Amino acid sequence: MPSWPDVEPNVVPNVEGALGNLEAVAAHVMSPATRLSFPSVVVDGGAGATFWDRTGRRFLDLHSMAGVANVGYGHPRFVEAVVEQVRRLVHCNPAYVLHEAPIRLAQRLAASTPGTFPKRVAFGLSGSDANDGVIKLARAATGRQLIVAFTGAYHGNTYGALSMSSVSAAMRRGFGPVVPGIVHVPFPDAYRSPYRGVDVAESYLAELDAVFDVVAPPEDVAAIVVEPVQGDSGVIVPPQDFMTGLAERARRHGILLVAEEVQTGLGRTGRMYAAEHFGLEPDIMVLGKALGGGIPISAIVARSELMDSWQAPGHVFSTGISPVAATAALAVLDILADDDLVTAAATRGGLLQRGLTEMQDRYAEIGDIRGLGLMLGADLVSDPETRTRNRILAAKVIKGCFDRGCYLTFLAGSVLRFIPPLVITDNEINHALETVEVSLKSALSGKVSDEEVRELTGW
Ligand code: PMP
(Lines give C-alpha, C1' and ligand atoms only; values in the text may rest on other atoms or scores of the structure.)
Protein backbone atom coordinates (compact mmCIF):
# COMPACT_ATOMS: atom_id res chain seq x y z
CA MET A 1 0.00 0.00 0.00
CA PRO A 2 1.36 3.43 -0.86
CA SER A 3 1.64 5.76 2.12
CA TRP A 4 -0.27 9.01 2.18
CA PRO A 5 -0.21 11.28 0.21
CA ASP A 6 0.73 8.92 -2.63
CA VAL A 7 -2.16 7.85 -4.76
CA GLU A 8 -2.92 4.33 -5.86
CA PRO A 9 -1.35 3.98 -9.30
CA ASN A 10 -4.38 2.41 -10.93
CA VAL A 11 -6.56 5.39 -9.95
CA VAL A 12 -4.25 8.24 -10.92
CA PRO A 13 -1.55 6.81 -13.18
CA ASN A 14 0.64 9.89 -13.18
CA VAL A 15 0.62 12.18 -10.20
CA GLU A 16 2.57 14.89 -12.02
CA GLY A 17 0.03 14.81 -14.80
CA ALA A 18 -2.81 14.70 -12.33
CA LEU A 19 -1.65 17.88 -10.66
CA GLY A 20 -1.53 19.58 -14.02
CA ASN A 21 -4.79 18.27 -15.31
CA LEU A 22 -7.08 17.45 -12.44
CA GLU A 23 -10.17 18.17 -14.53
CA ALA A 24 -9.38 15.18 -16.75
CA VAL A 25 -8.63 13.02 -13.74
CA ALA A 26 -11.88 14.11 -12.13
CA ALA A 27 -13.78 13.04 -15.23
CA HIS A 28 -12.01 9.69 -14.94
CA VAL A 29 -12.65 8.97 -11.26
CA MET A 30 -15.64 11.05 -10.14
CA SER A 31 -19.20 10.16 -10.99
CA PRO A 32 -20.77 12.51 -13.54
CA ALA A 33 -23.93 12.66 -11.41
CA THR A 34 -21.95 14.66 -8.87
CA ARG A 35 -20.67 17.42 -11.16
CA LEU A 36 -22.68 20.17 -12.82
CA SER A 37 -21.64 21.60 -16.15
CA PHE A 38 -20.36 25.06 -15.32
CA PRO A 39 -16.85 26.44 -15.92
CA SER A 40 -14.59 24.76 -13.40
CA VAL A 41 -11.33 25.45 -11.66
CA VAL A 42 -9.09 23.60 -9.21
CA VAL A 43 -9.57 25.68 -6.09
CA ASP A 44 -6.74 25.98 -3.62
CA GLY A 45 -7.73 28.63 -1.10
CA GLY A 46 -10.04 31.49 -0.29
CA ALA A 47 -10.50 34.63 1.78
CA GLY A 48 -13.57 36.82 2.16
CA ALA A 49 -15.55 36.74 -1.08
CA THR A 50 -12.60 35.52 -3.15
CA PHE A 51 -11.13 32.13 -3.92
CA TRP A 52 -8.09 31.23 -5.97
CA ASP A 53 -6.59 28.32 -7.85
CA ARG A 54 -3.17 26.69 -7.53
CA THR A 55 -1.55 29.25 -9.78
CA GLY A 56 -2.89 32.12 -7.66
CA ARG A 57 -5.54 33.09 -10.22
CA ARG A 58 -8.30 34.81 -8.21
CA PHE A 59 -12.05 34.66 -8.60
CA LEU A 60 -14.58 36.98 -7.04
CA ASP A 61 -17.23 34.54 -5.89
CA LEU A 62 -20.84 35.43 -6.70
CA HIS A 63 -22.02 31.93 -5.90
CA SER A 64 -20.84 31.06 -2.36
CA MET A 65 -20.65 27.40 -3.41
CA ALA A 66 -24.44 27.45 -3.83
CA GLY A 67 -25.17 29.60 -0.81
CA VAL A 68 -22.91 27.85 1.70
CA ALA A 69 -20.22 30.49 2.24
CA ASN A 70 -22.43 33.23 3.74
CA VAL A 71 -19.62 34.31 6.09
CA GLY A 72 -17.12 34.01 3.26
CA TYR A 73 -13.93 31.99 3.09
CA GLY A 74 -11.46 31.71 5.93
CA HIS A 75 -13.15 34.12 8.34
CA PRO A 76 -10.57 34.29 11.16
CA ARG A 77 -13.11 33.74 13.97
CA PHE A 78 -14.65 30.80 12.12
CA VAL A 79 -11.28 29.21 11.47
CA GLU A 80 -10.12 29.75 15.03
CA ALA A 81 -13.26 28.23 16.56
CA VAL A 82 -13.23 25.20 14.24
CA VAL A 83 -9.49 24.52 14.57
CA GLU A 84 -9.68 24.77 18.34
CA GLN A 85 -12.58 22.30 18.38
CA VAL A 86 -10.78 19.92 16.02
CA ARG A 87 -7.87 19.90 18.49
CA ARG A 88 -10.14 19.11 21.45
CA LEU A 89 -12.51 16.61 19.88
CA VAL A 90 -13.70 16.04 16.34
CA HIS A 91 -16.62 13.79 16.97
CA CYS A 92 -19.10 12.44 19.42
CA ASN A 93 -22.78 11.88 18.79
CA PRO A 94 -25.77 13.04 20.84
CA ALA A 95 -27.45 9.74 19.99
CA TYR A 96 -25.10 8.33 22.62
CA VAL A 97 -23.30 11.04 24.55
CA LEU A 98 -23.83 14.74 24.93
CA HIS A 99 -21.61 17.64 24.00
CA GLU A 100 -22.31 21.23 24.90
CA ALA A 101 -22.06 22.72 21.38
CA PRO A 102 -25.13 21.07 19.75
CA ILE A 103 -27.22 21.87 22.82
CA ARG A 104 -26.20 25.54 22.76
CA LEU A 105 -26.81 25.58 19.02
CA ALA A 106 -30.31 24.13 19.40
CA GLN A 107 -31.07 26.85 21.96
CA ARG A 108 -29.79 29.57 19.62
CA LEU A 109 -31.76 28.26 16.64
CA ALA A 110 -34.95 27.89 18.66
CA ALA A 111 -34.58 31.47 19.87
CA SER A 112 -33.65 33.04 16.52
CA THR A 113 -36.30 31.44 14.28
CA PRO A 114 -39.72 33.12 13.94
CA GLY A 115 -42.37 32.31 16.57
CA THR A 116 -42.03 32.64 20.34
CA PHE A 117 -43.49 29.17 20.99
CA PRO A 118 -41.22 26.43 22.39
CA LYS A 119 -39.21 24.60 19.74
CA ARG A 120 -36.88 21.66 19.53
CA VAL A 121 -34.23 20.80 16.99
CA ALA A 122 -33.21 17.65 15.09
CA PHE A 123 -29.80 17.85 13.45
CA GLY A 124 -28.51 16.15 10.33
CA LEU A 125 -25.85 16.56 7.65
CA SER A 126 -27.42 18.13 4.61
CA GLY A 127 -30.47 20.00 3.43
CA SER A 128 -31.55 16.79 1.76
CA ASP A 129 -31.63 14.61 4.87
CA ALA A 130 -33.38 17.38 6.81
CA ASN A 131 -36.12 17.45 4.19
CA ASP A 132 -36.50 13.68 4.37
CA GLY A 133 -36.84 14.22 8.10
CA VAL A 134 -39.59 16.77 7.52
CA ILE A 135 -41.66 14.23 5.60
CA LYS A 136 -41.24 11.68 8.40
CA LEU A 137 -41.91 14.18 11.17
CA ALA A 138 -44.96 15.73 9.50
CA ARG A 139 -46.49 12.32 8.81
CA ALA A 140 -45.77 11.08 12.32
CA ALA A 141 -47.06 14.25 13.97
CA THR A 142 -50.31 14.54 12.03
CA GLY A 143 -51.11 10.92 11.19
CA ARG A 144 -51.70 12.20 7.64
CA GLN A 145 -49.81 11.05 4.56
CA LEU A 146 -49.90 13.72 1.88
CA ILE A 147 -47.30 16.44 1.47
CA VAL A 148 -47.90 19.51 -0.69
CA ALA A 149 -44.78 20.79 -2.42
CA PHE A 150 -44.35 23.22 -5.31
CA THR A 151 -43.33 23.15 -8.92
CA GLY A 152 -39.84 24.58 -9.27
CA ALA A 153 -38.90 23.51 -5.75
CA TYR A 154 -35.48 22.15 -4.94
CA HIS A 155 -35.28 20.25 -1.68
CA GLY A 156 -32.34 17.93 -2.25
CA ASN A 157 -31.19 14.63 -3.62
CA THR A 158 -32.03 11.93 -1.11
CA TYR A 159 -35.22 10.06 -1.99
CA GLY A 160 -37.65 12.07 0.12
CA ALA A 161 -36.13 15.39 -0.81
CA LEU A 162 -35.95 14.61 -4.51
CA SER A 163 -39.54 13.40 -4.41
CA MET A 164 -40.57 16.87 -3.20
CA SER A 165 -38.32 18.56 -5.75
CA SER A 166 -39.54 19.62 -9.15
CA VAL A 167 -36.73 21.52 -10.76
CA SER A 168 -34.98 19.10 -13.09
CA ALA A 169 -35.98 15.80 -14.64
CA ALA A 170 -32.33 14.72 -14.43
CA MET A 171 -32.76 14.48 -10.65
CA ARG A 172 -35.25 11.67 -11.12
CA ARG A 173 -34.49 10.10 -14.46
CA GLY A 174 -34.15 6.38 -13.99
CA PHE A 175 -34.62 6.53 -10.22
CA GLY A 176 -38.35 5.89 -9.80
CA PRO A 177 -40.53 5.07 -8.08
CA VAL A 178 -40.05 8.08 -5.83
CA VAL A 179 -41.67 8.52 -2.41
CA PRO A 180 -45.45 8.41 -2.80
CA GLY A 181 -47.93 10.89 -1.39
CA ILE A 182 -46.29 14.10 -2.59
CA VAL A 183 -48.47 16.47 -4.56
CA HIS A 184 -46.98 19.35 -6.54
CA VAL A 185 -48.83 22.61 -6.84
CA PRO A 186 -47.82 25.52 -9.12
CA PHE A 187 -45.63 28.16 -7.49
CA PRO A 188 -46.39 31.78 -8.35
CA ASP A 189 -43.79 32.96 -10.83
CA ALA A 190 -45.06 36.44 -11.63
CA TYR A 191 -42.66 36.92 -14.55
CA ARG A 192 -43.60 33.74 -16.40
CA SER A 193 -47.11 33.31 -15.06
CA PRO A 194 -49.84 32.31 -17.50
CA TYR A 195 -52.00 34.59 -15.31
CA ARG A 196 -50.36 37.78 -16.56
CA GLY A 197 -52.64 40.74 -16.03
CA VAL A 198 -54.69 39.11 -13.30
CA ASP A 199 -53.99 38.79 -9.58
CA VAL A 200 -51.10 36.33 -9.39
CA ALA A 201 -51.51 35.46 -5.69
CA GLU A 202 -55.22 34.81 -6.03
CA SER A 203 -54.80 32.74 -9.20
CA TYR A 204 -52.19 30.46 -7.63
CA LEU A 205 -54.13 30.11 -4.40
CA ALA A 206 -57.05 29.03 -6.57
CA GLU A 207 -54.77 26.35 -8.07
CA LEU A 208 -53.97 25.12 -4.57
CA ASP A 209 -57.65 25.10 -3.63
CA ALA A 210 -58.41 23.11 -6.77
CA VAL A 211 -55.79 20.55 -5.75
CA PHE A 212 -57.39 20.36 -2.29
CA ASP A 213 -60.77 19.83 -4.00
CA VAL A 214 -59.82 17.11 -6.43
CA VAL A 215 -56.63 15.22 -5.49
CA ALA A 216 -55.41 16.10 -2.01
CA PRO A 217 -58.23 16.46 0.52
CA PRO A 218 -56.81 18.97 3.01
CA GLU A 219 -57.68 16.76 5.97
CA ASP A 220 -55.25 14.19 4.49
CA VAL A 221 -52.42 16.71 4.04
CA ALA A 222 -49.71 16.61 6.68
CA ALA A 223 -47.61 19.55 5.54
CA ILE A 224 -47.13 22.28 2.98
CA VAL A 225 -43.40 22.60 2.29
CA VAL A 226 -42.39 25.91 0.75
CA GLU A 227 -39.20 27.81 0.01
CA PRO A 228 -40.07 31.41 0.96
CA VAL A 229 -37.98 32.42 -2.06
CA GLN A 230 -37.52 29.62 -4.57
CA GLY A 231 -33.81 29.35 -5.23
CA ASP A 232 -32.77 26.83 -7.80
CA SER A 233 -35.73 27.35 -10.14
CA GLY A 234 -34.44 30.85 -10.84
CA VAL A 235 -34.88 33.03 -7.72
CA ILE A 236 -38.66 33.37 -7.58
CA VAL A 237 -40.14 35.65 -4.92
CA PRO A 238 -43.81 34.83 -4.27
CA PRO A 239 -46.33 37.63 -3.65
CA GLN A 240 -47.03 38.43 0.00
CA ASP A 241 -50.72 37.58 -0.44
CA PHE A 242 -49.83 34.13 -1.69
CA MET A 243 -47.76 33.39 1.40
CA THR A 244 -50.45 34.84 3.67
CA GLY A 245 -53.04 32.70 1.90
CA LEU A 246 -50.87 29.62 2.26
CA ALA A 247 -50.43 30.18 6.01
CA GLU A 248 -54.17 30.82 6.39
CA ARG A 249 -55.07 27.58 4.59
CA ALA A 250 -52.52 25.61 6.63
CA ARG A 251 -54.04 26.95 9.85
CA ARG A 252 -57.62 26.34 8.70
CA HIS A 253 -56.98 22.73 7.72
CA GLY A 254 -54.58 21.76 10.52
CA ILE A 255 -51.74 21.37 8.00
CA LEU A 256 -48.18 22.00 9.17
CA LEU A 257 -46.49 24.92 7.43
CA VAL A 258 -42.84 24.18 6.66
CA ALA A 259 -40.51 27.02 5.68
CA GLU A 260 -37.70 25.35 3.78
CA GLU A 261 -34.90 27.84 4.39
CA VAL A 262 -31.89 25.72 3.46
CA GLN A 263 -30.91 28.39 0.93
CA THR A 264 -32.78 31.48 2.14
CA GLY A 265 -31.87 31.17 5.82
CA LEU A 266 -29.10 32.82 7.83
CA GLY A 267 -29.12 36.30 6.42
CA ARG A 268 -29.12 35.53 2.73
CA THR A 269 -32.25 37.56 1.90
CA GLY A 270 -31.43 40.54 4.11
CA ARG A 271 -33.40 39.13 7.07
CA MET A 272 -32.15 36.36 9.31
CA TYR A 273 -34.85 34.10 7.83
CA ALA A 274 -36.82 34.78 4.66
CA ALA A 275 -40.06 33.80 6.44
CA GLU A 276 -39.71 37.11 8.31
CA HIS A 277 -40.26 39.05 5.06
CA PHE A 278 -43.72 37.52 4.88
CA GLY A 279 -44.59 37.62 8.58
CA LEU A 280 -44.72 33.81 8.73
CA GLU A 281 -44.33 31.74 11.89
CA PRO A 282 -43.84 28.29 10.38
CA ASP A 283 -44.47 25.16 12.42
CA ILE A 284 -41.26 23.69 11.05
CA MET A 285 -38.21 25.38 9.63
CA VAL A 286 -35.43 23.63 7.71
CA LEU A 287 -31.85 24.91 7.70
CA GLY A 288 -28.62 23.70 6.11
CA LYS A 289 -26.01 25.04 3.68
CA ALA A 290 -24.66 28.24 5.33
CA LEU A 291 -25.36 26.98 8.86
CA GLY A 292 -22.05 25.15 9.14
CA GLY A 293 -20.09 27.55 6.94
CA GLY A 294 -19.04 24.53 4.88
CA ILE A 295 -18.94 21.91 7.63
CA PRO A 296 -21.89 19.58 6.96
CA ILE A 297 -24.86 20.24 9.22
CA SER A 298 -28.61 20.62 8.85
CA ALA A 299 -31.35 21.39 11.30
CA ILE A 300 -35.08 20.81 11.55
CA VAL A 301 -36.44 23.39 13.98
CA ALA A 302 -40.01 22.51 14.94
CA ARG A 303 -42.70 23.27 17.48
CA SER A 304 -41.74 21.36 20.60
CA GLU A 305 -44.84 19.20 20.72
CA LEU A 306 -44.32 17.93 17.15
CA MET A 307 -40.99 16.44 18.18
CA ASP A 308 -42.81 14.14 20.65
CA SER A 309 -44.33 12.25 17.74
CA TRP A 310 -41.21 10.47 16.48
CA GLN A 311 -38.88 8.27 18.46
CA ALA A 312 -35.24 7.18 18.17
CA PRO A 313 -33.79 6.04 15.87
CA GLY A 314 -36.22 7.96 13.66
CA HIS A 315 -33.67 10.61 12.72
CA VAL A 316 -30.23 9.46 13.87
CA PHE A 317 -27.03 9.68 11.79
CA SER A 318 -23.62 8.37 12.85
CA THR A 319 -21.83 11.58 11.92
CA GLY A 320 -25.00 13.58 12.41
CA ILE A 321 -23.94 16.49 14.53
CA SER A 322 -20.30 16.60 15.44
CA PRO A 323 -18.92 19.06 17.99
CA VAL A 324 -16.98 20.52 15.06
CA ALA A 325 -20.13 21.11 13.01
CA ALA A 326 -22.00 22.57 15.97
CA THR A 327 -19.04 24.79 16.87
CA ALA A 328 -18.81 25.92 13.26
CA ALA A 329 -22.53 26.78 13.26
CA LEU A 330 -22.23 28.70 16.53
CA ALA A 331 -19.34 30.65 14.99
CA VAL A 332 -21.45 31.39 11.90
CA LEU A 333 -24.28 32.72 14.09
CA ASP A 334 -21.81 34.85 16.07
CA ILE A 335 -20.21 36.27 12.93
CA LEU A 336 -23.58 37.05 11.35
CA ALA A 337 -24.48 39.02 14.49
CA ASP A 338 -21.11 40.60 15.31
CA ASP A 339 -20.32 41.67 11.75
CA ASP A 340 -23.91 42.75 11.14
CA LEU A 341 -24.04 40.62 8.01
CA VAL A 342 -27.83 40.43 7.83
CA THR A 343 -28.04 44.20 7.47
CA ALA A 344 -25.09 44.00 5.07
CA ALA A 345 -27.01 41.52 2.91
CA ALA A 346 -29.90 43.98 2.72
CA THR A 347 -27.78 47.03 1.89
CA ARG A 348 -25.29 45.32 -0.41
CA GLY A 349 -28.16 43.43 -2.00
CA GLY A 350 -29.77 46.81 -2.64
CA LEU A 351 -26.59 48.05 -4.31
CA LEU A 352 -26.35 44.97 -6.51
CA GLN A 353 -30.06 45.03 -7.36
CA ARG A 354 -29.92 48.74 -8.30
CA GLY A 355 -26.88 48.12 -10.50
CA LEU A 356 -28.57 45.20 -12.24
CA THR A 357 -31.81 47.13 -12.69
CA GLU A 358 -29.91 50.04 -14.28
CA MET A 359 -28.20 47.53 -16.55
CA GLN A 360 -31.62 46.15 -17.48
CA ASP A 361 -32.53 49.60 -18.84
CA ARG A 362 -29.57 49.32 -21.23
CA TYR A 363 -30.15 45.77 -22.51
CA ALA A 364 -33.45 44.38 -23.77
CA GLU A 365 -32.02 40.90 -23.20
CA ILE A 366 -32.26 41.38 -19.42
CA GLY A 367 -35.91 40.50 -19.02
CA ASP A 368 -36.27 40.58 -15.25
CA ILE A 369 -34.27 41.38 -12.12
CA ARG A 370 -35.66 39.86 -8.95
CA GLY A 371 -34.83 38.59 -5.51
CA LEU A 372 -34.32 39.70 -1.92
CA GLY A 373 -31.13 40.83 -0.21
CA LEU A 374 -28.12 39.04 -1.65
CA MET A 375 -30.22 36.41 -3.38
CA LEU A 376 -30.81 37.90 -6.81
CA GLY A 377 -31.49 36.69 -10.32
CA ALA A 378 -31.17 38.32 -13.74
CA ASP A 379 -33.39 36.52 -16.21
CA LEU A 380 -31.99 36.67 -19.75
CA VAL A 381 -34.43 36.46 -22.64
CA SER A 382 -34.15 36.34 -26.39
CA ASP A 383 -37.27 38.49 -26.71
CA PRO A 384 -38.66 40.65 -23.90
CA GLU A 385 -42.18 40.22 -25.24
CA THR A 386 -42.28 36.41 -25.35
CA ARG A 387 -39.84 36.18 -22.40
CA THR A 388 -38.23 33.17 -24.06
CA ARG A 389 -35.30 31.91 -21.99
CA ASN A 390 -31.88 32.69 -23.47
CA ARG A 391 -29.66 29.84 -22.36
CA ILE A 392 -26.91 30.54 -24.85
CA LEU A 393 -26.59 34.12 -23.68
CA ALA A 394 -26.63 33.11 -19.99
CA ALA A 395 -23.91 30.53 -20.68
CA LYS A 396 -21.82 33.08 -22.59
CA VAL A 397 -22.13 35.63 -19.79
CA ILE A 398 -21.04 33.22 -17.07
CA LYS A 399 -18.18 32.02 -19.28
CA GLY A 400 -17.14 35.63 -19.90
CA CYS A 401 -17.31 36.39 -16.18
CA PHE A 402 -15.27 33.29 -15.43
CA ASP A 403 -12.59 34.28 -17.94
CA ARG A 404 -12.51 37.73 -16.31
CA GLY A 405 -12.22 36.36 -12.76
CA CYS A 406 -15.83 36.35 -11.49
CA TYR A 407 -17.44 33.05 -10.56
CA LEU A 408 -21.11 33.07 -11.49
CA THR A 409 -23.61 30.38 -12.48
CA PHE A 410 -27.04 30.36 -14.08
CA LEU A 411 -30.30 28.63 -13.19
CA ALA A 412 -33.42 27.47 -14.96
CA GLY A 413 -31.71 27.79 -18.33
CA SER A 414 -31.59 31.60 -18.28
CA VAL A 415 -31.21 33.17 -14.85
CA LEU A 416 -27.85 34.60 -13.77
CA ARG A 417 -27.62 33.74 -10.10
CA PHE A 418 -26.16 36.25 -7.66
CA ILE A 419 -25.65 34.78 -4.21
CA PRO A 420 -22.23 36.07 -3.12
CA PRO A 421 -20.83 35.72 0.39
CA LEU A 422 -22.52 38.30 2.62
CA VAL A 423 -19.05 39.72 3.38
CA ILE A 424 -18.69 40.97 -0.20
CA THR A 425 -17.69 44.64 -0.22
CA ASP A 426 -19.26 47.54 -2.12
CA ASN A 427 -16.16 47.72 -4.33
CA GLU A 428 -16.43 44.04 -5.14
CA ILE A 429 -20.10 44.46 -6.03
CA ASN A 430 -19.25 47.32 -8.36
CA HIS A 431 -16.50 45.20 -9.88
CA ALA A 432 -18.96 42.31 -10.34
CA LEU A 433 -21.44 44.61 -12.06
CA GLU A 434 -18.76 45.89 -14.44
CA THR A 435 -17.61 42.35 -15.20
CA VAL A 436 -21.14 41.16 -15.91
CA GLU A 437 -21.77 44.10 -18.21
CA VAL A 438 -18.51 43.69 -20.12
CA SER A 439 -19.25 39.96 -20.50
CA LEU A 440 -22.80 40.65 -21.63
CA LYS A 441 -21.64 43.21 -24.18
CA SER A 442 -19.00 40.87 -25.49
CA ALA A 443 -21.50 38.02 -25.81
CA LEU A 444 -24.03 40.24 -27.58
CA SER A 445 -21.44 41.47 -30.04
CA GLY A 446 -20.76 37.91 -31.14
CA LYS A 447 -17.29 37.61 -29.64
CA VAL A 448 -18.08 34.26 -28.01
CA SER A 449 -19.14 31.42 -30.27
CA ASP A 450 -22.08 29.14 -29.45
CA GLU A 451 -19.69 26.23 -29.72
CA GLU A 452 -17.59 27.53 -26.81
CA VAL A 453 -20.53 27.24 -24.43
CA ARG A 454 -22.22 24.19 -25.91
CA GLU A 455 -21.40 22.11 -22.88
CA LEU A 456 -22.35 24.71 -20.28
CA THR A 457 -25.82 23.39 -19.76
CA GLY A 458 -25.99 24.17 -16.03
CA TRP A 459 -28.69 22.45 -14.04
N1 PMP B 1 -33.20 22.96 -0.12
C2 PMP B 1 -32.87 24.01 -0.85
C3 PMP B 1 -33.80 25.17 -0.90
C4 PMP B 1 -31.67 24.03 -1.57
O5 PMP B 1 -31.36 25.08 -2.33
C6 PMP B 1 -30.82 22.91 -1.49
C7 PMP B 1 -29.51 22.85 -2.25
N8 PMP B 1 -29.46 23.57 -3.41
C9 PMP B 1 -31.21 21.82 -0.71
C10 PMP B 1 -32.41 21.89 -0.03
C11 PMP B 1 -30.37 20.59 -0.60
O12 PMP B 1 -29.36 20.79 0.29
P13 PMP B 1 -28.11 19.78 0.27
O14 PMP B 1 -27.49 19.95 -1.07
O15 PMP B 1 -27.27 20.26 1.42
O16 PMP B 1 -28.63 18.41 0.50
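**Ligand site and helices, asked and answered**

Author: Let's start at the ligand: in this predicted model, one of its nitrogen atoms is 3.0 Å from an N or O atom in the side chain of D232.

Reader: How far from a nitrogen atom of the ligand is the polar side-chain atom of E260?

Author: That one is 2.4 Å. On the backbone side, an N or O atom of G127 lies 3.0 Å from an oxygen atom of the ligand. Both values are within 3.5 Å, so these pairs qualify too. As for cover, the ligand taken alone exposes 390 Å², and the protein buries 84% of that.

Reader: Okay, Q263 then. Why is Q263 called buried?

Author: Its relative accessible area is 9%, and buried means under 20%, so Q263 passes that test. You'll find Q263 in the loop between strand 8 (256-260) and strand 9 (284-287).

Reader: Which residues does Q263 touch, not counting those up to four places away in sequence?

Author: G231, D232, R268, K289, M375, R417 and I419. With D232 there is also a side-chain polar contact of 2.9 Å.

Reader: And I392, why is that one called partly exposed?

Author: I392 has a relative accessible area of 27%. Buried would need under 20% and exposed over 50%, so I392 lands in between. I392 belongs to helix 12 (residues 391-403), and leaving aside neighbours within four places in sequence, I392 is in contact with D450 and V453. The C-alpha atoms of I392 and A443 are separated by 9.3 Å, though these residues are 51 apart along the chain.

Reader: Which residues of helix 5 are buried?

Author: A101, P102, L105, A106, L109 and A110. Seen down the axis, they fall within an arc of 165°, so they line one face of helix 5. They pack against strand 4 (119-124), strand 9, strand 10 (298-303) and helix 10. The face turned away from that buried side carries the exposed residues E100 and A111.

Reader: Which residues are buried in helix 4?

Author: F78, V82 and Q85.

Reader: What puts them on the same side of helix 4?

Author: They cover an arc of only 65° around the axis, which puts them there. The general rule is that an α-helix has 3.6 residues a turn, so residues three or four places apart point the same way. What covers the buried residues of helix 4 includes helix 10 (323-338). Turned away from the buried side are the exposed residues P76, E80, R87 and R88.

Reader: How do you know that the span of helix 4 (residues 76-88) agrees with expectation?

Author: The 13 residues of helix 4 should span 18 Å at 1.5 Å a residue, and its end C-alpha atoms are 18 Å apart, so that agrees.

Key
Residues are numbered from 1 along each chain as its sequence is written. This is a predicted model: local features need pLDDT of at least 70, side-chain atom pairs count only at pLDDT 80 or more; totals for chains, interfaces and linings use all residues. Side-chain values use heavy atoms; hydrogens and water are left out. Helices (H or I, at least four residues) and strands (E, at least two) are DSSP runs, numbered from the N terminus. The expected span of a helix is 1.5 Å times one less than its number of residues. Buried means under 20% relative accessible area, exposed over 50%, partly exposed in between (1.4 Å probe, protein chains only). The arc is that of the directions from the helix axis to the C-beta atoms. Contact means heavy atoms within 4.5 Å. A polar contact is a pair of N or O atoms within 3.5 Å; within protein, one must be able to donate a hydrogen and the other to accept it, and residues adjacent in sequence count only if both atoms are side-chain atoms. Accessible areas come from the Shrake-Rupley method with a 1.4 Å probe; for residues, only the protein chains shown count as cover.
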